[in-house]
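Please look over the sequence and the model before reading on. The text below is a guided walk through them.

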Amino acid sequence: MSRIGKAPIPVPGDVDVTIANGHISVKGPKGALERDIPGAITVRQDGDTIVVERPDDERQNRAMHGLVRSLVNNMVVGVTQGFSKELEIVGVGYRATARGPGALELALGFSHAVNVTAPDGISFEVPTPNRIVVTGIDKESVGQVAADIRAWRKPEPYKGKGVRYLGEHVKRKAGKAGK
């Protein structure tokens with residue numbers, strides 16, 4: 001039995017969960033999320049908890065059991081607390097500027113500024129010119145948008161310049177040896 005999959009998901013009082021025909025929708029104070037439940041996994045609500053079950057120990061069902069439980073739990077946490085990823089920009093002249101809640105302008109050493117537009121449900125904050133906070137209720141979308149921003153200029157190993165996650169360690173290389 002999956003240790004993650006068999007754990008029940010607590011549902012706070014201000015969250016409304018609807019499960020029907022392999023589809024789950026979760027509504028809370030921060031918004032609403034919907035998702036189709038893959039495979040033969042069943043999701044049911046027992047009072048103030050959600051239980052995820054699998055029909056048998058087939059390989060595909062075992063693989064999906066913990067996944068579906070994590071996805072549903074992330075939906076419940078997202079509509080109550082939300083998710084955020086912090087990025088930091090390292091490099092001389094590298095900076096970020098907010099152009100509204102869903103738009104960002106990055107100076108990353110290119111000949112032009114990089115404009116990033118957030119998809120629905122995602123917002124950007126720029127507390128300092130070298131820090132970006134990506135927030136939203138969908139954990140998958142928040143992580144993907146943060147990864148897309150990081151992909152514009154990944155941290156390079158010689159000087160460490162680029163966009164990185166807050167607290168990410170970049171392994172440095174020595175570079176050329178002098179004569």
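What follows goes through the strands, the helices and some side-chain pairs in turn.

The model is predicted. Residue numbers start from 1 along the chain.

The hairpin formed by β2 and β3 has 2 residues between the strands. In that turn, Asn21 has a positive phi of about 50 degrees. Strand β3 also pairs with strand β4, residues 31-36, in the antiparallel sense, here over 6 bridges. His23 comes up again in this pairing, where the residue opposite is Asp36 in β4. β3 and β4 form a hairpin too, with 2 residues between them.

The next element is an open sheet. Three strands make up this sheet, in the order β1-β6-β5, and their pairing is antiparallel. Which strands stand at its edges? They are β1 (9-10) and β5 (42-46), and because each has a single partner strand, one side of each is left without a neighbour in the sheet. Between β5 and strand β6, residues 49-53, there are 5 bridges, and the two strands run antiparallel. Within this pairing, Thr42 stands opposite Glu53 in β6. A helix accompanies the sheet: α1, residues 59-80, lies across β1, β5 and β6. Its direction makes an angle of about 160 degrees with β6.

Another open sheet has 4 strands, in the order β11-β12-β7-β13, with antiparallel pairing. Its edge strands are β11 (122-128) and β13 (162-165), each of which pairs on one side only. From one strand to the next, the twist averages 25 degrees. Strand β7, residues 83-90, pairs with β12 in the antiparallel sense over 6 bridges. Among the residues in this pairing, Phe83 has Gly136 in β12 as its bridge partner, and Glu88 has Arg131 in β12. β7 also pairs with β13, again in the antiparallel sense, over 4 bridges. Glu88 takes part there as well, with Arg164 in β13 as its bridge partner. Helix α2, residues 139-152, lies across β7, β11, β12 and β13. This helix runs at about 10 degrees to β7.

Thr135 lies in strand β12, which covers residues 131-136. Is Thr135 buried or exposed? Its relative accessible area is 17%, and since buried means under 20%, Thr135 counts as buried. Leaving aside residues up to four places away in sequence, Thr135 touches Phe83, Ser84, Gly121, Ile122, Ser123, Glu125 and Val142. With one of these, Ser123, the contact is polar: the side chains of Thr135 and Ser123 are joined at 2.8 Å.

The remaining features involve aromatic rings. How many aromatic pairs does the structure hold? There is 1 aromatic pair. Phe110 and Trp152 form this pair, which is edge-to-face, with 6.5 Å centre to centre and 70 degrees between the planes. Phe110 lies in the loop between β9 (103-107) and β10 (114-117), whereas Trp152 is in helix α2, so the pair ties together parts that are 42 residues apart in sequence. Phe110 is partly exposed, with a relative accessible area of 32%. Trp152 is partly exposed as well, at 42%.

Charged side chains also sit over rings. Arg153 lies over the face of Phe110, at 4.4 Å from the ring centre. Phe110 is therefore in contact with two partners in this account: its ring pairs with Trp152 and has Arg153 over its face. In another place, the charged end of Lys85 sits over the ring of Tyr165, 5.2 Å from the centre of that ring.

How values were computed
Predicted model: local features only at pLDDT ≥ 70, side-chain atom pairs only at ≥ 80, totals over all residues. Heavy atoms only, no water. Buried < 20%, exposed > 50% of the residue type's maximum accessible area, 1.4 Å probe, protein only. Polar contact = N/O pair within 3.5 Å; in protein donor to acceptor, adjacent residues only side chain to side chain. Contact = heavy atoms within 4.5 Å. Pairing = 2+ DSSP bridges. Axes fitted to C-alpha atoms, helices over the stretch in contact; angles between N-to-C directions. Phe/Tyr/Trp six-rings, centres within 6.5 Å; stacked < 30°, edge-to-face > 60°. Lys NZ or Arg CZ within 6 Å of the ring centre and 35° of its normal.
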